[in-house]
Amino acid sequence: MTKLLQLFGMPDVASAHGAGLDDLIGYVHLLMLLLFVGWFAYFLVAITKFRKSANAKADYLGVKGHMNSYLELGLAIVEAVLLIGFAIPLWARAVDRLPTAAENPVEIQVMAMQFSWNAHFAGPDGKWGLQDTRFASSGNPFGVDPKNAEGKDDVATVSNEEFLLPINRPVIAKLSSMDVIHCFKLLEMRVTQDCVPGLSIPVHFTPTKLGKYSIMCAQLCGNGHSKMRGYYRVVAKDEFDKWYAEKSKAGAGTSFE
Amino acid sequence: MAQTTTSKSGAHGAHAAHEAHHDHHELGYLSKYIFSSDHKMIGIQYGVTALFFLLFGFFLVGCMRWQLAYPGRAIPVVGGLLETLLGKDMAAGGVMQGDLYNAFGAMHGTIMVFLAIVPLAFGAFGNFVTPLQIGAPDMAFPRLNMASYHFYFFGGIVMFASFFIPGGAARSGWTSYSPLATTAQFGQAFNGQTAWLIGMVLLINSSLLGAVNFITTIIQLRTKGMSWMRMPFFVWAQFVTAFLLLLAFPPLEAAGVLQLMDNVFHTSFFLPTGLVVDGAQLPVSGGGSPLLWQHLFWFLGHPEVYVLILPAMGIVSEVIANSTRKPLWGYRPMVYSVITVGFLSFIVWAHHMYLTGMGTKISTFFQTTTMMISIPSVIILTALFISLWGGSIRFNTASLFALAFLPMFGIGGLTGLPLGFNASDIFLHDSYYVIGHFHYVVAPGTIFGLLAGIYFWYPKATGRFLNETLGKIHFWGSLVCMNLVFAPMFIQGFKGMSRRMYDGGATYFAETDPTALKLNIYITHSAIALGVFQLPFIWNFFASLFVGRKVTNDNPWDATTLDWATPTPPPHGNFTHQPVVYRGPYEYSVPGAAKDFSPQNQPS
């Protein structure tokens, strides 16, 4: 289905769950097309056949029978199938079912701010530094306590700096915002989720294609909204591990101070 | 019914005396045109003001479209004027700046919804036509009606003036999401957002006064024999619309006051703890919820969609029955459907919020109700389609607009489906697909319905017809251009182009997919052409007052409803004597009848 939608400009899908969402978009559009073509063909026939010059006297009763009731019932059934068979389970998988520890997910915090994306990894010790909003500032968007030992090895990319993600490993991104509502949109991953200040909202996805991708802000956030573009790269495990180790060393003495 | 009838003949009697009184004292200019309490004059006031705002809203988006097509290039013709009026921060060198883009965007939405479409659909057509169609001498509360228009007018003035206050108009989207609405111009107590909120409170008061008036009028002032199931579908649509306004607007009014407190007195109803803006902690206590605003806003926002569409469906129904010369097919199912739509519209609002962090259970509830509401909407549309079968269709301008409404609204409705399912909404959310969807609903949908109504009732209101040739130029030009403007937006949506992008998406698409940006240029040119095709209408609307062909009888379209049983234009008090209703609203081409229309008030 993705291939078909790509004819209409849809970007390639690069995540494990994306194809399922594309299928639903495709099926819904087939239903829409069917209905519209049906309505429109009928409409053209009706306005031609029953124009005044072709049909001088109107028929008081018009259409008899219950064809339309069956069609409406049919539509209700198709909608129910799309809803129960696709939308609800897809949402449950794509949104609710977070990867378990056994699946070894990469966990990141994403902090949106006017007008940049910032990402935060726990570092080799697997523990986030102590965080508090009173430490938060533009240079320390995650509010990490500069004196906290566990924060020393944390990896952070700030101000739209590119970060890396390993291929074929689940990612959990906990989204928040420092100032206003932003929206974390990864077109190729088929991920969209608002970043709401005061809340930490997890999204998850598993990248399946190597490449350099963008983070788009999809919620009006001020006069720099259109320029709020972040970057991430999906890379092989080795490259990710190397980057992670280097970033952690680089971050150890400098970040959050 | 019996009770109302007695009281009504009393009202008519008193009214006759009132009429006689008028013969001696002609109303002065002020009381006739400005402080009128006559529903028809108020309807016309609403209509003319709303058409002005419709044009103004179109002008705003015209400037925005220029910026989208040619980012950073000075706006032709008006660029210099914008710089002079609004300052360098907004339009340096005639080039639209980010803040101006956001201000125009927010105000385009606000003006089109609250100052143009709703006042035209509900204020103008509702006021002018409803009392006539139910055989009433006026609205139940004429002075309340006058107050309703005045609140609307002052709301409009506040919104319009807000462009010129320091810092400019509101710039946080027509949805005014907190915290942006509060932080965008933090520290400036009277800013565009403050004006927006004050304007909204005035507009909401206007709508509430109108709503109680419509409900009372339709329940109490139906003339003898006008039972519920003899009411024209238009009246049903207005009746349901009035309930939507009455019940959905108060939460937004309350929310508006709370946001006003956040902005002016630095409370934190919608502001969470720990906001850091421009690198500094925001000096507010925090503890509020930004999502609370969204719930309160969309609790109005979704019923508002039906406030926009139902009156247009009502108009289209009237025009289609008249121009096909046959009864509406499935009048009763249509009435039940419109009532069902009204109820359901109150429990779908959070489908605008799927991506605010909603779990499976809640989103399942809202997408189920969303799919449910599509069924009665489809029933109404299908009934209108089926009504064409067996007709003897006249193609005048009014009927062309009404007929085009059907497939165009069909596109608008259908493209709501992939947005209504949460899983397919993930990709399409906040993209141009959404813009295409709701503009198909409102522009070639609702606006076409409203234009059909203008061409249809203009002869009753003025005693002259609009010019048909100009009307047909207006129609075909608008139909083609509307589609050229809005159809490419679905493709842009598929490409992932996000809405509200000041540079038209150049940041994302310039290297990867330049065709997405090319479409921006085509759309803008089509929008300019669409504007050009409104000129014949504007000319027609005013010139026909003086040179239009005069109507030769009170019922020029051979219609059946009571609005055509009045003198032309209807005098103060509407009817020369109280009409009595003998039959349903659409008795066209009754077998055995002498003519192809049997008016409701014609004794059998």
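Okay, Gly463(B): just after helix α17 of chain B, this glycine takes a positive phi of about 85 degrees. Helices here are DSSP runs of H or I with at least four residues, strands are runs of E with at least two, and both are numbered from the N terminus. Quick housekeeping: this is a predicted model, where local features need pLDDT of at least 70, side-chain atom pairs count only at pLDDT 80 or more, and totals for chains, interfaces and linings use all residues. Residues are numbered from 1 along each chain as its sequence is written, while chains are lettered from A and ligands numbered from 1 in the order in which they are written.

Back to α17(B), residues 432–462. It bends by about 40 degrees at Phe456(B), with Pro459(B) following within four residues; the bend is the angle between axes fitted to the seven residues ending there and the seven starting there. Buried means 20 or more other C-beta atoms within 10 Å of the residue's own, exposed means 12 or fewer, partly exposed is in between, and the C-beta atoms are placed from the backbone.

Now the core. The largest nonpolar one has 266 residues, and Val316(B), Phe401(B), Phe405(B) and Ala452(B) have the most contacts inside it. A core here is a set of buried Ala, Val, Leu, Ile, Met, Phe, Trp, Tyr and Cys residues joined through C-beta atoms within 7 Å. Helix α6(B), residues 98–134, gives the most to this core, with 23 residues. Chain A takes part too: at least three residues come from each of its domain 1 (2–96) and domain 2 (101–254). Take Phe405(B): leaving aside neighbours within four places in sequence, it is in contact with Val316(B), Gly445(B), Phe448(B), Gly449(B) and Ala452(B). Contact means C-beta atoms, placed from the backbone, within 7 Å.

Between the chains, the contact takes 82 residues from chain B and 79 from chain A. Helix α13(B), residues 360–387, gives the most to the chain B side, with 14 residues. That side has 42 nonpolar, 31 polar and 9 charged residues. For those classes, Ala, Val, Leu, Ile, Met, Phe, Trp, Tyr, Cys and Pro are nonpolar, Asp, Glu, Lys and Arg are charged, and the others, Gly among them, are polar.

Within chain A, the bounds of the two domains come from an automatic or database domain assignment. Their centres, taken over C-alpha atoms, are 39 Å apart.

On to strands. In chain A, β5 (171–177) and β8 pair in the antiparallel sense over 5 bridges; pairing needs at least two DSSP bridges. Lys174(A) stands opposite Pro202(A) in β8(A). And 4 of the 5 residues of β8(A), 201–205, are buried, so that strand is largely enclosed by the rest of the structure.

Most residues other than glycine have a negative phi, and most peptide bonds are trans. Asn168(A), though, has a positive phi near 60 degrees, and it sits in the loop between β4 (163–166) and β5 of chain A. Asn168(A) is exposed, with 12 other C-beta atoms within 10 Å. Which bonds are cis? Gln114(A) to Phe115(A) is one, with omega near 0 degrees, and Thr568(B) to Pro569(B) is cis with omega near -20 degrees.

Definitions and conventions
Two residues are in contact if their C-beta atoms, placed from the backbone, lie within 7 Å.
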